[in-house]
Amino acid sequence: MLIIPLVAVFVAPLLKPREASHLTALAFLLPFFSILYCIFGGCPREILLMRFSPPIGDIYLNLDFIAHAFGLTICLVSAMVALFALPYMEHRFEEMELDKNVEFRRYIFIYNLYAASMLWLVYSGNLALLYVFMELMLISAFLLIYKYGYGNRRWVGLLYLVWCAIAGVLTLAGFVIMAFNNNTLALNAIMAGGKGVGMVAWAFIFGGMIIELPVVGPHIWLPWAHAEAPTPVSALLSPLTVGLAGYVLLRIALIDYSFIEAYRMPILGYAIFSSLYGGFSVFKQTDFKRLLAYSTVSQMGYMLVALTLGPFGLLGVVIQYMSHAFGKSILFSSAGGIIAVHHGLRDINKMGGLHDSIPAISNAAVVGFLNLGGILTVGMLGEFFILRGVVDTFGIKTSSLGVILGVVFMFILSVWYGFYTLRKVFYGKPKSTERLEISRYLYVPLYVIGIISVLLLFPPLSTVLIHGLDMIPGLGLGVGGVVP
Amino acid sequence: MNEWLVFLLLFLSPVVSSIPIALLYKSKEWTARLPYLSVFGIFISVLMSLYIFFTFPSELPDCRFVSPYTWIPGTGIDIVLITDYLSRSMGVITALIAFFIAIYGLDYMRGDYRPSWYWFFFNLFTASMLLVVYSDNLFLLFVGWEGLGAASWGLIGHWFRDDDEIAYVGVPGRKVGPLEFCWPPSFGGWRAISTIRFGDVPMFFAIAAIWAFAGGNLNISEIAWGALFTKLGAAGTVILMLMLLMGLFTKSAQVPFSEWLMTAMTGPTTVSALLHSATMVAAGAYVFIKLTWYIQPWNMHNIPGVESVYVIVLFVGLVSGLYGALAATGMLERKVLLAASTMSSLGLMFGSAAASYWLPKEVPGTGMNLALLVAFWYLAVHAFAKASLFLVSGHLIHATHTRFSVGNLEFGKKMKATFAVTLIATTFLVGMPPFTAYWVKSGMDEVMEHLLHEGMLLPLILLLATSLTYSAILARFTSLNFIKGEKPKHEHLEGGNLMRVGYLLMASILFILWYLIFKNKETVGFVHAGYASTSILVGIAILVAYVGALYKPRISSLSAIGTFFNDRMYLPYLNDYIIPKIGFFVAHLVHGYGNRGIDGFFNTKVMPGLFGLISRGIRCIQSGYLAHYIKVVLGVVMMILILAAIGGVYLYP
């Protein structure tokens, strides 16, 4: 089933825009359902693709619950954003005065490549394969920004490429060291070998991935890239791509947690600072997409915080990724909806009272912010596990109060900026009370994501998914496990 | 009937029945008809809650229902419901009040510009509240709890256009210092969710901590609380319980988190009645009563830390009680006055529930703690009485087109049913003998008198001061709206029959409660306390305060202090001035220096400059002059020689 998106990469450009979008959506929905089937019914743990000599080792697909959780998210968001993109990109091509049909072919090719490489990344059981897809993902995202972005898109594209190339090289260095230490890059063989990762390799990978994640400091490419990318790309870039850095860190942490344990306090402090920095930055933004970009910095801080908090924290990483992906894809798409309907409107100061003209998009944005805040959506479980991680790691003492309050305030801040933004953008005195007729593609996909994000909190989806994750050694309650 | 079917119908029928109207927001014709379906959904919940009340077991362990379907296996996150004394009664109260208000709402919200939003959130709220009431599992409870917060936000900001002054709180344009004391609905919504979230996350943390320390158990009735507190030690217990209480205090608008409740009055009146008086804000007090019910702190005098927690709750509650009552004395806006009195009542609930720590004696024959019973019964009486008063003020706002208290005796005579309900609800609530609340309040007096044995006089004083002020403010409300107020400028008296039905039904329950106090065996303590001479004295004092305020609702010589109270003793400064100033200062630092620095300096100056510098360095080597190259080579040779010399000295000394 994972082959389908790869096939779609080459088939979709042959079709007309509408059919191509539908095909893309279908190409990601089929794996979505097959993953669901896997979650409920079970399927083989590993599929061997090729055998390489050391130090690369077996190339195989890793079909565990972590990969399923990430894969589920990527499939759903990619499929829905592909549908949303249809009217949006047509609008964008008109704006750029390009030929719609010709350009759409190019666009959908890169889009599919981009999304499919992310999907394959999470199922890669070999770090070499993972790296290949990571680079493929970066380059295709770069091309999309470079070709169809806003403003000074070429500069922004290059900024993005350069920073992510640095991240990529650092990570590669880490992988290479691992390869020589363990004589393989296959995850299962590294686990079985028991040699671990080693501090140097960890440091390289960590350094690379916090650029990609990103945390404050190396985050400087992100507001530009998210703000100036065409919205469907932002809607994959922010929810899916950046969080995959968290995925890589999670995989490495599951092999060897010693680096995190050794440097827990500095990393945790940095992550909380980063999250609060991003959160406070949101209040001052005037560009809606840039605002959402800073919110991504804040949310990625959650992931790094979670990474340091032991088994329950690691479980929190997975859930937090899903919740942020759902929320942020809805929000970027609603920002895109406003751009498409209100002719390029991005300045928040000119918004206010938009609910009257586009109620469907406005209500979708509410669901998006509920996801970010972890209210009544799958994010609730994420927050719960992260908080449990805090308790397990630090206990309840007066000396741990600083960490507790830091994490708690971090969660509070998301809801504060979320609803503050909602009020500024959608509520208040409307400029006109006329309801605009808008394409269904602009909002129905968002509700599909929203509904899934709520359903994932409740049985039966959460039952099987969380239970499956829980069974993985080192995650949640775990059984046995590497993480002490 | 299968008990899980009952529960499913109870929780899901309100939500499912409101989905059609949420989806059909475009069709005017359907949105006029579909509210009846939503109300019907709530009616099913009423039936189910009554069915549970009369047929389900009430004693542990039979009253705990563990779902055969586990939510997340092996983690303790499960669907566990409970139908003990508190839950079964509170369930009926919630469902009934929601149903009466929904009937009223059919009239009140007719012709509104956002019916689908309103009914969806109204019903979502009802379901969430029922979930909070019946769940025994803390995680499940918290799911409902978050539903309350979200629905509250949606309903307060219902009139998001901010275009009608009648939905504001405060007087537009009136400045107190640098702040304009006037809040539109969209702001009220934001303030509500931001305050509530400020408490919810700590509460969520506390739940996670309980989960960790109670061995993966999250069921309130099963956790070994004594062992948990002992394990945590004094500091741990206080931190844990304070975190938990943050959620309860913010939800119940206790000092200093009370401001959101005042601006929540920007929502439709039905919302104020259901959420912000009877149920949602009472959820904080309810959960506290429920936890205390199973914690049984009166058996924990030897565990360090527990007493501090209960002292804190006792005083936060009683101080909020007095604060709310005093603030209300200066208020003229009908709903805000009632909101302030609501927070006052909630404070009394917290206070008397907390007093249970010092009250080991049980009500004979039932094994229940008198202080908790008093708190819970006061919650019940307050819910019906205050909801009636809110519904009355909603009708008055429709009839007079103003949210400020107006209405003279002539107007009162035209609105006979409304006037009568107001009189009943106020007299039954303030604790005037021999009406419903008198017996409950007598119980409360007895509880606080008991604290005298512990050397605490202050609680009793606070309670008495609150009770008298409280009586005066509700009398003032009655007087200013029906007897001694100004003559209304507009009178719109037609229609509103469903509204009348709503509040008549609501007030009629007060009589049933009155009857139940004498009939039920667990409330004999109230009746007993009611015949005590001190209680009768207090009752007479309350009566005097009531009659006095009815006769003279406004004292002009005290108008300065009245304005101070009306401005909620300047508490809005905390919410609207101090905290935003700090927040925006940080945001300014972060954005003005951090982000600008990165974008303007690092991204556009340092990085390109650095690359330029390196590039120039490399290019200037390749100049093409032979002499230049020779110099470079010689330089490098020299460097190597020097390094070799130094190395030689260090390596082979």
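Colleague: Why is A:Ala364 called buried?

Modeller: In this predicted model, A:Ala364 has 23 C-beta neighbours inside 10 Å. The cut-off for a buried residue is 20 or more, so A:Ala364 counts as buried. The residue sits in helix H15 of chain A, which covers residues 359-373.

Colleague: Which residues does A:Ala364 touch, not counting those up to four places away in sequence?

Modeller: A:Ala364 touches A:Ile330, A:Ser334, A:Tyr443, A:Leu446, A:Tyr447 and A:Gly450. As for A:Asp470, it is 106 residues from A:Ala364 in sequence, and their C-alpha atoms are 31 Å apart in space.

Colleague: What makes A:Ile145 buried?

Modeller: The count for A:Ile145 is 27 C-beta neighbours inside 10 Å. The definition asks for 20 or more, and therefore A:Ile145 counts as buried. A:Ile145 belongs to helix H5 of chain A, residues 127-148. Leaving aside neighbours within four places in sequence, its contacts include A:Arg153, A:Val156, A:Tyr160 and A:Ala225. A:Ala225 is 80 residues from A:Ile145 along the chain, yet their C-alpha atoms are separated by 7.5 Å.

Colleague: Why does A:Asn183 count as partly exposed?

Modeller: A:Asn183 has 16 C-beta neighbours inside 10 Å. A buried residue needs 20 or more and an exposed one has 12 or fewer; A:Asn183 falls in between, so it counts as partly exposed. A:Asn183 lies in the loop between helix H6 (153-182) and helix H7 (187-193) of chain A.

Colleague: What is the phi of A:Asn183, and why would one remark on it?

Modeller: The phi of A:Asn183 is positive, about 65°, although the residue is not a glycine. It is worth a remark because most residues other than glycine have a negative phi.

Colleague: Where does B:Gln296 lie, and what makes it partly exposed?

Modeller: B:Gln296 is found in the loop between helix H11 (280-295) and helix H12 (306-329) of chain B. With 15 C-beta neighbours inside 10 Å, B:Gln296 falls between the limits of 12 and 20, so it counts as partly exposed. B:Gln296 also has a positive phi, about 50°, and is not a glycine.

Colleague: How many residues of H8(B) are buried, and what follows just after the helix?

Modeller: Of the 27 residues of H8(B), 19 are buried, and the helix is mostly covered. Just after H8(B), B:Ala253 takes a positive phi of about 55°. In the loop between H8 and helix H9 (259-263) of chain B stands B:Pro256.

Colleague: How do you know that the peptide bond from B:Val255 to B:Pro256 is cis?

Modeller: Its omega is near 0°, and the bond is cis. The peptide bond from B:Leu60 to B:Pro61 is also cis, with omega near 0°. B:Pro61 is placed in the loop between helix H3 (35-55) and strand S1 (64-66) of chain B.

Colleague: Which helices of chain B supply at least two residues each of the side that touches chain A?

Modeller: In total, 48 residues of chain B are in contact with 42 residues of chain A. The helices are H6 (138-156), H7 (185-213), H8 (225-251) and H23 (572-621) of chain B. H7(B) gives the largest share of this side, 14 residues. By class, the side has 29 nonpolar, 14 polar and five charged residues.

Colleague: How many helices and strands does chain B have, and what share of its residues counts as buried?

Modeller: Chain B has 24 helices and six strands. Of its 653 residues, 56% count as buried. The domain assignment gives domain 1 (3-178 + 189-570), domain 2 (571-618) and domain 3 (623-653). The C-alpha centres of domain 2 and domain 3 of chain B lie 44 Å apart.

Colleague: What confidence does the predictor report for chain B and for the complex?

Modeller: The mean pLDDT of chain B is 92, and 100% of its residues reach 70 or more. For the complex, the predictor gives an ipTM of 0.95 and a pTM of 0.94.

Definitions and conventions
Residues numbered from 1 in each chain as written. Chains lettered and ligands numbered in written order. Predicted model: local features only at pLDDT ≥ 70, side-chain atom pairs only at ≥ 80, totals over all residues. Helix = DSSP H or I, 4+ residues; strand = E, 2+ residues; numbered from the N terminus. Contact = placed C-beta atoms within 7 Å. Nonpolar A, V, L, I, M, F, W, Y, C, P; charged D, E, K, R; others polar. Domains from an automatic or database assignment. pLDDT = per-residue confidence, 0-100.
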